[in-house]
Amino acid sequence: MADLVSYIIRKLLLAIPVIFLATFIVFLMLYLTPGDPVAMIAPAHASAADLEEIREKYGFNDPFAVQYWRFLERLSSGDLGTSVAIGTLNTDVSYLLAQRLPRTLELMAIGLTISYSIGIPLGVYSALKQDTWTDRSVMVFTLVAYAMPSFWLGILLMMALAVYTHILPIQGTVGGFGSILLPALTLGLGNAALTTRMMRSSMLEVKRQDYITQLRSRGLPEREIIFKHALRNALLPVITVIGLDIGWFVGGAVVVETVFSWPGVGMLVTSSISTHDFPTVQGCILVLAFFVVIGNLVADILYALADPRVRLG
Amino acid sequence: MKFRKSLNDALAGWRMSGGVKQSAMDIINRSQRNAMVVVGATLVIIIVSLAVLAPVLPIADPTPAELHEEEILLSPSGRHWFGTDELGRDVFSRVLWGARVSLLVATLAIFFSLVIGVVLGLTAGYFGGIPDYIIAGTIDLFWTFPSFLLALAFAAALGPSLTNVILAISISYWAGFGRLMRGQALSVRERQFIEASRALGAKNARIMFAHVLPNCLAPMIVWASVGVADAITIESSLSFLGVGTQPPTPSWGYMLYRGIPNLEEAPWIATFPGITLLLTVLGFNLLGDGMRDVLDPRMKGMRR
């Protein structure tokens, strides 16, 4: 147990530079943006002297490192700045994010559920039918689903389930629970392809092990061997990557939310980019990066729980 | 029979004399038997040649200066194979011209990522010690972030343009190449021929680029093929979100975005660029996966 605790502490410490990189990139974003931010904020009739005064007052003339340090200070007190978009002028970015975050979490949770409930059974089935036509078709399906960009998959599902058959509501949140199904399905299917492939190769690996042969020689029914003994071990590598899936979902959520006008952090980021609301874009990217860090941490911890050797490494 | 035997001997001698030729021949032979490589290469060749030939093919202007009202939202026909869009432009022609943009952005971005990754990974893996510590740390940091999120952040900051998209993808995608290159360099530098060339007085730079690098290239090429597929996906996603290629330049992502409002009455606007996009990404993925199986059978099915 002690080794597990020290392992987790080590991993937590390693997450710190990653968070710093995220803040640095987000800070750099403003620095890289072409055009003078002061000239954009200031009214059109402001003179050159006025602009200089604003620059001095808000510290735009300070060296890069000083500006970055101030940015970090502001972040550490939980201040993400205020929005500069017309519709949400001067609203705290943290408030905007708090409004959107539950929507994204909801979407990711249902997406993950869909992804695993398709991927795991399909992978097991495919492994049990190795080298048959069923197996090959499942593999072709995963190749196609993996290559399919999420927005295109979203549009296809939208056409199939909303435009032509009217089974599900097309966009937004007005349809209650039904309206989350399309975006979640879109998010889940791409990841299901990965889960299926992992589950299949993991199951094939386990099926070759000696203890399975031994169980078989003892005359246990095949069904019991597979579902009681093999599946448990084969599931481990699949479960441990759940954390990495979260990272994958973060990128997917931005696109999928935009396709379906799902009011989460991902859609906030794209709408803020189009209105040049950079404080909000920065806040969103930071929150999404934070998700990735948490996801990686979860992956590391699950991995250590599953395989005690990792903790010592 | 005798003839056959002598031929075999000659072949064996030829093979032994030119190790590189032998492996190249072997790779081609084995590739032909690998269905993934065949399908992937066919798709890639078709799309690349259509993209290259787009300016000389007898197709409509993808960005006509004038709007022809009678041409708006026509369904696919002999005259417009893929129909026309809401501005009366020929979708087939725009799909082909869009392929040029996608392939250009993706190959350039992957080329730059490859260069950054090779230089950093090679330096880290070959020298070890403090440079390795710093570079490997940086690689891991960038590797942690999903490249799409990074590319989105950079593209949003730099502003939408073709050059900036290439830049954004390059900055966010190089870590994979760096990681792979470092690992390869670490193992190759221990081999005896490296020691031999050092004993002969070769300088570090020469050993790195003339001896270590060529021995690490195969997996890098595989990764680059898969990388082009990823870069195409990232580019089209960015264009879809409005931070990538800007209209009127035809791009698959933006065409799909514009197709959404017309899904019911003119589904072809989104469908054809979508199918082409899927086939292109699939082609590069299959080529990469298949090549990996051919070059290194032990790694079969290892990708995630």
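Two residues are in contact if their C-beta atoms, placed from the backbone, lie within 7 Å. The model is predicted: local features need pLDDT of at least 70, side-chain atom pairs count only at pLDDT 80 or more, and totals for chains, interfaces and linings use all residues. Residues are numbered from 1 along each chain as its sequence is written, while chains are lettered from A and ligands numbered from 1 in the order in which they are written.

**Figure 1. Chain B has eleven helices and zero strands.** Helices (H or I, at least four residues) and strands (E, at least two) are DSSP runs, numbered from the N terminus. Of the contacts in chain B with a separation of 6 or more, 70% join residues 24 or more positions apart. Buried residues make up 46% of the 304 residues in chain B. A residue is buried if 20 or more other C-beta atoms lie within 10 Å of its own, exposed if 12 or fewer, and partly exposed in between; these C-beta atoms are also placed from the backbone.

**Figure 2. Chain B meets chain A.** The contact takes 36 residues from chain B and 38 residues from chain A. On chain B, α5 (129-144), α6 (147-158), α9 (204-240), α10 (252-259) and α11 (268-295) each supply at least two residues of the side that touches chain A. The largest share of that side, eight residues, comes from α11(B). By class, the side of chain B that touches chain A has 24 nonpolar, ten polar and two charged residues. Ala, Val, Leu, Ile, Met, Phe, Trp, Tyr, Cys and Pro count as nonpolar, Asp, Glu, Lys and Arg as charged, and the others, Gly among them, as polar.

**Figure 3. Helix α11(B).** This helix has 28 residues and reaches 40 Å from its first C-alpha to its last, close to the 40 Å expected at 1.5 Å a residue. The expected span is 1.5 Å times one less than the number of residues. In α11(B), 23 of the 28 residues are buried, so the helix is largely enclosed by the rest of the structure.

**Figure 4. The largest nonpolar core has 151 residues.** A nonpolar core is a set of buried Ala, Val, Leu, Ile, Met, Phe, Trp, Tyr and Cys residues joined through C-beta atoms within 7 Å. Leu288(A), Ala151(B), Leu152(B) and Ala231(B) have the most contacts inside this core. Helix α4 (residues 91-127) of chain B gives the largest share of the core, 18 residues. Leaving aside neighbours within four places in sequence, Ala151(B) is in contact with Ala168(B), Ile169(B), Ser172(B), Ile234(B) and Leu238(B).

**Figure 5. Phe142(B) lies in helix α5 of chain B.** Phe142(B) counts as buried because it has 21 C-beta neighbours inside 10 Å. Ile135(B), Ile139(B) and Thr144(B) of α5(B) are buried too. The buried residues of α5(B) pack against α1 (2-32) and α13 (278-306) of chain A, together with α4 and α7 (162-188) of chain B. The C-alpha atoms of Phe142(B) and Glu66(B), 76 residues apart along the chain, are separated by 46 Å.

**Figure 6. Lys11(A) lies in helix α1 of chain A.** Lys11(A) counts as partly exposed because it has 16 C-beta neighbours inside 10 Å. Leaving aside neighbours within four places in sequence, Lys11(A) is in contact with Leu297(A) and Asp300(A). The C-alpha atoms of Lys11(A) and Asp300(A) are separated by 7.6 Å, although the two lie 289 residues apart along the chain.
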